[in-house]
Amino acid sequence: MASLLSYKCFLFFLVSLLLIFVQNKSKVQCYQYKVGDLDAWGIPTSANPQVYTQWSKYHNLTIGDSLWFLYPPSQDSVIQVTKGSYKSCNLKNPILYMNNGNSLFNITSEGLYYFTSGELGHCQKNQKLVISVGNVTSNIDDDDAEAPGPSSSSYPTVFGNIPIAPSASLPSTSTSSNLASTFQILVIGFFMCGLFSALI
């Protein structure tokens, strides 16, 4: 009888571990990318004039990710624009205007997204960014692709303080919450084994 009980407890323990494994594998990870990595959003320096062109080439962005623009709010801003406005540095009629110095853009659909500074003259000095999300190319000279319009643009921008570690990109899921849920499942499993053994 005792060996049957220990077998059932062991089996319950294995099922609990399987549930933990499935739970951890089914999590979706989204990342928050600081635009420019170590460089804040601003006019590129002469030492690195193509910082935003290079930055976008080395980041594989997906739906659910966020772009974090960090800049002095009294000196700069960020606007999402159409492809035509991006190419001509036209600051009129932006799709989205952000100016708080700590702006977050949430990616909600595939496509090409075009950003530039909202300050006069900054776009002409290469303070602009085009990103590709999904199965699209970012060839700026191709006239077919256009930035997602207001109907498919990001959901409302999050303003205010964003708790961020010093790393360039951060997963939105935390290891501590995964460990806490794993621990909870194990405690429940051992409690159930004890309860089950007391009943038999």
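Let us begin with the ground rules. This is a predicted model, in which local features need pLDDT of at least 70 and side-chain atom pairs count only at pLDDT 80 or more, while totals for chains, interfaces and linings use all residues. Residues are numbered from 1 along each chain as its sequence is written, and side-chain values use heavy atoms, with hydrogens and water left out.

How confident is the prediction? The protein chain has an average pLDDT (the predictor's confidence in each residue, from 0 to 100) of 75, and 55% of the residues score at least 70. Confidence is highest in strand 3 (residues 78-81), with a mean of 97, and lowest in strand 8 (residues 169-171), with a mean of 44. Residues 149-176 have a pLDDT below 50, and this stretch still makes 48 contacts in the model beyond near neighbours in sequence; a contact means heavy atoms within 4.5 Å. Please take care there: where pLDDT is low, the predicted coordinates should not be read in detail.

Now for the overall plan. The protein chain holds 4 helices and 8 strands, where helices (H or I, at least four residues) and strands (E, at least two) are DSSP runs numbered from the N terminus. Read from the N terminus, the elements follow the pattern α-β-α-β-β-α-β-β-β-β-β-α. Of the 200 residues in the protein chain, 36% count as buried; buried means under 20% relative accessible area, exposed means over 50%, and partly exposed lies in between, with a 1.4 Å probe and protein chains only. Looking at contacts between residues at least 6 apart in sequence, 79% join residues at least 24 apart. The accessible surface of the protein chain is about 11700 Å², and carbon and sulfur atoms account for 61% of that area. Such areas come from the Shrake-Rupley method with a 1.4 Å probe, and for residues only the protein chains shown count as cover.

Four strands form an open sheet in the order 4-3-6-7, with antiparallel pairing; two strands pair if DSSP finds at least two bridges between them. Strand 4 (96-98) and strand 7 (128-133) each have a single partner strand and stand at the edges, so one side of each has no neighbour in the sheet. Strands of a sheet pair through backbone hydrogen bonds, either parallel or antiparallel. Strand 6 (residues 111-116) pairs with strand 7 in the antiparallel sense over 6 bridges. You can follow this pairing residue by residue: Gly-111 stands opposite Val-133 in strand 7, and Tyr-113 has Ile-131 of strand 7 as its bridge partner. Strand 7 is mostly covered, with 5 of its 6 residues buried.

Cys-89 lies in the loop between helix 3 (83-88) and strand 4, and Cys-123 in the loop between strand 6 and strand 7, so the pair ties together parts 34 residues apart in sequence. The link of Cys-89 and Cys-123 is left-handed, with -70° about the S-S bond. Both Cys-89 and Cys-123 are buried, Cys-89 at 13% relative accessibility. Leaving aside neighbours within four places in sequence, Cys-89 is in contact with Cys-123, Gln-124 and Lys-128.

The loop between strand 6 and strand 7 also contains Glu-119, which is partly exposed with a relative accessible area of 28%. Not counting residues up to four places away in sequence, Glu-119 touches Gln-75, Asp-76, Ser-77 and Leu-91. The C-alpha atoms of Glu-119 and Ser-77 are separated by 6.6 Å, although the two are 42 residues apart along the chain.

Finally, back to our opening residue. Most residues other than glycine have a negative phi, and most peptide bonds are trans. Asn-93, however, has a positive phi of about 55°, and counts as exposed at 70% relative accessibility. Asn-126 also has a positive phi, near 70°. Asn-126 sits in the loop between strand 6 and strand 7 and is partly exposed, with a relative accessible area of 29%.

Methods. Disulfide = S-S within 2.5 Å.
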